[in-house]
Amino acid sequence: MTHWFKAPLLYLLPQHALSRIVQWGTRSRRFPFRKSVIRWFIRRYQVDMSEALEPDPDAYPDFNSFFTRALRPGVRPVVEEAGQICCPDDGSISQLGDIQGERIFQAKGHSYSLVELLGSSEARARPFLGGRFATTYLSPGDYHRVHMPLSGRLVEMVYIPGRLFSVAPDYTESVPRLFARNERVACIFQTEAGPMAVVLVGAIFVGSIETVWAGEITPPRGKAIKVTRYPASDPGIQLECGEELGRFNMGGSTIITLFGPGSVDWYSGLVPAMRVKFGQSLGQVRRPPAS
């Protein structure tokens, strides 16, 4: 069955109900054959357990604990040069480049609205108009914690309800406006490069999205956009480059990183489908010319 046929079926599935069932099953400590399922998953997705803080698959009390496993210290060296943009996750590049006005490129023949992505707020989207974006896809076998691309102070967190389409590469080519339709959490930071947005996009079977400062954000209790602001008058939440920001519980997921116009440059060798690792540099902050 090709993805062109499977994609319409996703519209008919009870996406949230299925994801809640998966959430319950992956957190159950009485789930039958848990150890066998974890070992099958490791073989199926070629998970390198030597990188994990806990390398023994049988030591995890439930599947989600394994899925959100921590890495050993030092296994992902974080770029230390000033102004370097840290890759926020293990995964592959979906797309990256310039934001064309307020349109972001999704895949051949598809783009979506920056305003819609950030919760239909023109004011929230304005600093990023004509800026730059990087979209990375985390497959089920990847490390599923998310880290800061640059050091920054949290300004706003926005939960945006939506669908839970698969975000696998086949579906980004066939589902219009996919990332602006799926459930997501947008985190807006103030950094040395100016405003930076890190958008955590959920997907089918993603049990929930968490941040380190607010805990579990999804699944929500309601269906409305929820905005939490962190005023500049309060030092609030400050995270360093490479520090953990949040995580996805179960399933493949996507991260979209946004910067304003003229603020950063991506490295020219980065291309769609290229594998990337948390900690490596994706680009650098654009410095003003010396006076």
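## Cores, a sheet and aromatic pairs

Trp213 touches Leu154, Met157, Cys187, Phe189, Tyr230, Ile237, Leu239 and Leu245, leaving out residues up to four places away in sequence. The model is predicted.

Trp213 belongs to the largest nonpolar core, which has 33 residues. Together with Cys187, Phe189, Leu200, Leu245 and Phe259, Trp213 touches the most other members. A second, separate core holds 29 residues, including Val167, Leu178, Ala186 and Val201.

Val201 has a relative accessible area of 0%, so it is buried. Beyond its neighbours within four places in sequence, Val201 contacts Phe179, Asn182, Glu183, Arg184, Ile209, Phe248, Ser253, Thr254 and Ile256. Arg181 is 20 residues from Val201 in sequence, and the C-alpha to C-alpha distance is 9.4 Å.

Next, the sheet. Four strands form an open sheet in the order β6-β14-β10-β11, with antiparallel pairing. β6 (145-147) and β11 (215-216) stand at the edges with a single partner strand each, so one side of each has no neighbour in the sheet. Strand β10 (residues 208-211) runs antiparallel to β11, and 2 bridges join them. Thr211 has Gly215 in β11 as its bridge partner.

Now the aromatic rings. The whole structure contains 11 aromatic pairs. Two of these are set out below.

| Pair | Ring centres | Angle of planes | Type |
|---|---|---|---|
| Tyr60 and Phe66 | 5.8 Å | 75° | edge-to-face |
| Tyr112 and Phe179 | 5.8 Å | 80° | edge-to-face |

What do Tyr112 and Phe179 tie together? Tyr112 lies in strand β4 (residues 110-113) and Phe179 in helix α8 (residues 178-181), so the pair links parts 67 residues apart in sequence. Tyr112 is buried at 0% relative accessibility. Phe179 is buried too, with a relative accessible area of 1%. Phe179 is also one of the residues in contact with Val201.

Tyr60 and Phe66 are both buried. Arg44 lies over the face of Tyr45, 4.8 Å from the ring centre. The charged end of Arg69 sits over the ring of Phe66, at 4.8 Å from its centre.

Conventions. Residues numbered from 1 in each chain as written. Predicted model: local features only at pLDDT ≥ 70, side-chain atom pairs only at ≥ 80, totals over all residues. Heavy atoms only, no water. Pairing = 2+ DSSP bridges. Buried < 20%, exposed > 50% of the residue type's maximum accessible area, 1.4 Å probe, protein only. Contact = heavy atoms within 4.5 Å. Core = buried A, V, L, I, M, F, W, Y, C linked by side-chain atoms within 4.5 Å. Phe/Tyr/Trp six-rings, centres within 6.5 Å; stacked < 30°, edge-to-face > 60°. Lys NZ or Arg CZ within 6 Å of the ring centre and 35° of its normal.
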